[in-house]
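Here is a short briefing to read with the model open beside you.

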Amino acid sequence: MNWSNLIGHQQIEAWFANAIRKGRLTGSFLFVGQPGVGKRTTANLLAQTLLCERNDPAEMNPCGDCEGCVQVAAKTHPDVTRVGKPSDKSFIPLELLIGPPDARMQEGFCRDVRLRPMRGRRRVAIIEDADFLNEEGANCLLKTLEEPSSNAVILLIGTSEQRQLPTIRSRCRVIRFGSPRGENAVRLMRDVHAIEASDEQIADAVEIAGGDMHVAVRLLSGEADKLRDALRSQFGSKTPDPVALCRIINAHVEQSGKEASKRRAAMRDVFSFAVQHYRQQLRQAFDNRLATLHSLNRLDRSIRALREVDRSANQSTLIECYSADISAATTGDRGEIG
């Protein structure tokens with residue numbers, strides 16, 4: 001992996017190259033963009049660039065073969081600290097950030113960021129699921145983000161600025177990653193995700209997925225065709241059958257297996273398809289006031305459902321309520337499902 005493999009983000013590469021050459025790459029950065037667009041790839045490339053033991057960082061050409069590069073890729077480098085949300089948790093536990101109650105600031109992310117480099121010249125600290133920082137967790141990071149060690153670079157990875165607390169946003173430089181389109185989307189799907197599909201099919205999947213490349217990859221699998229056809233039959237109806245819709249969604253989720261993250265991904269597939277479907281309906285029904293209102297309510301409900309998936313809502317309750325609301329063409333605005 002090198003910077004030439006980062007598809008569609010040449011401006012971001014150029015910005016980091018300039019900052020490194022001028023010796024100004026310090027502080028905290030918030031990477032935002034849809035899943036699968038290259039945020040984690042950029043974080044890893046940046047870590048390899050700074051910690052490569054053969055090539056100078058200013059060259060923006062990590063060798064990939066030295067022990068430093070290999071350890072970054074294997075997530076074992078002693079100067080790279082990583083924190084993410086455990087699959088069985090709704091938020092990043094406070095203990096991962098500042099240590100357990102009996103060892104506050106003696107362990108955890110905030111302590112590790114301030115350590116002197118053990119092997120390389122810099123420390124790189126990565127929070128991989130910044131969307132899942134609760135208020136307590138975010139607050140304990142504020143001083144670390146505002147006053148990081150001079151040799152440390154802190155990278156937070158999220159999906160949007162709106163999902164971060166204002167106190168986090170104000171202490172980070174925001175780096176926005178747009179979703180690849182056109183030739184870049186085709187190249188990403190074929191070269192990185194090994195998807196064999198036509199340019200038109202890839203463009204359609206990326207649009208349906210709303211730029212979420214992980215969802216687009218799943219939509220391009222042959223197994224997704226049956227799901228899309230079943231959903232179209234319901235979403236295209238003036239009054240979808242809530243029982244049938246619930247059955248379709250549950251079958252797709254059950255097929256994904258028992259792992260919580262895969263089941264959430266399966267629900268995300270459904271709701272992403274619904275969002276795009278109702279957007280198309282709105283464009284087609286602009287001259288029919290009632291149809292427009294129904295499509296708008298269903299679009300709003302589908303967007304709400306996506307948010308509830310990310311908040312680890314109860315699966316069966318979410319699917320049941322969503323199916324009923326889509327049938328009734330209501331937004332479901334009666335409080336978040338928890």
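This is a predicted model: local features need pLDDT of at least 70, side-chain atom pairs count only at pLDDT 80 or more; totals for chains, interfaces and linings use all residues.

Residues are numbered from 1 along each chain as its sequence is written, and side-chain values use heavy atoms, leaving out hydrogens and water.

**Helix 11 and helix 13**
- Helix 11 (residues 224-235) and helix 13 (residues 260-284) have axes that come within 11 Å and cross at roughly 45°.
- That angle makes helix 11 oblique to helix 13 (under 35 degrees counts as roughly parallel, over 145 as roughly antiparallel, 65 to 115 as roughly perpendicular and the rest as oblique).
- On the helix 11 side, the contact (heavy atoms within 4.5 Å) is made by Leu227, Arg228, Leu231, Arg232 and Phe235.
- Helix 13 answers with Val270, Phe273, Ala274, His277, Tyr278 and Gln281.
- By class, this contact has seven nonpolar, two polar and two charged residues (Ala, Val, Leu, Ile, Met, Phe, Trp, Tyr, Cys and Pro count as nonpolar, Asp, Glu, Lys and Arg as charged, and the others, Gly among them, as polar).

**Helix 12 and helix 13**
- The axes of helix 12 (residues 242-255) and helix 13 come within 8 Å, crossing at roughly 145°.
- Ile249, His252, Val253 and Glu254 of helix 12 meet Arg263, Ala266, Met267, Asp269 and Val270 of helix 13.
- Five nonpolar, one polar and three charged residues make up this contact.

**The largest pocket**
- The largest pocket has a volume of about 1300 Å³ (a pocket is an open set of points on a 1 Å grid where a 1.4 Å probe fits, with protein on both sides within 12 Å along at least five of seven lines; lining residues have an atom within 4 Å of a point).
- Of its 46 lining residues, Pro35, Thr159, Asp212, Arg268 and Asp310 are the closest to the centre.
- Helix 13 gives the most to this lining, with nine residues.
- The lining of the largest pocket divides into 13 nonpolar, 15 polar and 18 charged residues.

Technical notes. Axes are lines fitted to C-alpha atoms, for helices over the stretch in contact, and angles run from 0 to 180 degrees between N-to-C directions. Helices (H or I, at least four residues) and strands (E, at least two) are DSSP runs, numbered from the N terminus. Grid points are joined across faces, edges and corners, and a volume is the space filled by probe spheres set on the points.
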